Amino acid sequence: MHKSFVMDMPDNLTFEEAAAIPEVFLTAYQTLFWLAGVKDNEKLLIHAGASGVGTAAIQLIKNLRTNVEVFVTAGSDEKLKLTQSLGANHLINYKKQNFQDGISNLTQNEGVNVILDFIGAPYWQQNINSLSVDGRLVLIGILGGTIIKEFDLQTLLQKRIQVTGTLLTPRSNEYKSRLKDDFLNDSKILFEQKKIKPIVDSVFTIENIKEAHTYMEENKNSGKIILTF
């Protein structure tokens, strides 16, 4: 790790909690503010709302912008309750309904301004349908696949949709250092005041790393899985 990436650990956090801050909070911060440019009073849909990035994004947007209406998707009621406790306004269980139907009903067919998506191809059409005019879609991951077999580009033109893809890891040291500085300037006091917090699902020792991976692959976690040495 480059020395410019190092962050001071807030005194009120344990090492396990501090380990749950990067890379998820930095990814969420970059996506929300550098790429999507979420503004006050907008509507934001966060997929995988109970994930590490999802829980970070909910907290950051609720503390750094005013009156942003947060919609989240997750695969269980338990995970949705966690997102609600962090500030999410509208909860959609994607196993019980298509999320685009939920968004349509909750926004009176207007759609949301911004979507943060980790899934990729399987969500593409529903994402486009769920965006408002001048909406922004930011692709953070492609867990569900990469190939869209058929899509009408006319919709992008009609709704003036912006699509942005991002990976943080390949970015330059200078970019990551600036991101870290901006993030700390906005958030360090929020951690110290306990207005935001890293969400630690579970802690495994390095000897149990196989069990940790299995737990993650089965999508059981809400927030971060931490390894201790």
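**Close-up views of a predicted model**

**View 1. Surroundings of Thr166.** Beyond its neighbours within four places in sequence, Thr166 is in contact (heavy atoms within 4.5 Å) with Gln30, Leu35, Val138, Leu139, Ile140 and Arg171. Thr166 sits in the loop between β6 (162-165) and α8 (173-192). Helices (H or I, at least four residues) and strands (E, at least two) are DSSP runs, numbered from the N terminus. Thr166 counts as buried because its relative accessibility is 9%; buried means under 20% relative accessible area, exposed over 50%, and partly exposed in between, with a 1.4 Å probe and protein chains only. The side chains of Thr166 and Gln30 are joined by a polar contact of 3.3 Å. Such a contact is a pair of N or O atoms within 3.5 Å; within protein, one must be able to donate a hydrogen and the other to accept it, and residues adjacent in sequence count only if both atoms are side-chain atoms.

The model is predicted: local features need pLDDT of at least 70, side-chain atom pairs count only at pLDDT 80 or more, and totals for chains, interfaces and linings use all residues. Residues are numbered from 1 along each chain as its sequence is written, and side-chain values use heavy atoms, with hydrogens and water left out.

**View 2. The six-stranded sheet.** This open sheet runs in the order β3-β2-β1-β4-β5-β6, with parallel pairing. Strands pair if DSSP finds at least two bridges between them. β3 (90-93) and β6 are the edge strands, each pairing on one side only. Within the sheet, β1 (residues 43-46) and β4 (residues 112-117) run parallel and are joined by three bridges. Leu44 stands opposite Val114 in β4.

**View 3. The largest pocket.** The volume of the largest pocket is about 1100 Å³. A pocket is an open set of points on a 1 Å grid over the protein atoms alone, where a 1.4 Å probe fits, with protein on both sides within 12 Å along at least five of seven lines; lining residues have an atom within 4 Å of a point. Of its 33 lining residues, Ser51, Gly52, Leu143, Met216 and Asn221 are the closest to the centre. α9 (209-217) is among the elements that each supply at least two lining residues. The largest share of the lining, five residues, comes from α9.

**View 4. Phe229 after β8.** Phe229 lies in the segment after β8 (224-228). Phe229 counts as exposed because its relative accessibility is 83%. Phe229 and Glu207 are 22 residues apart in sequence. In space, their C-alpha atoms are 8.4 Å apart.

Conventions. Grid points are joined across faces, edges and corners, and a volume is the space filled by probe spheres set on the points.
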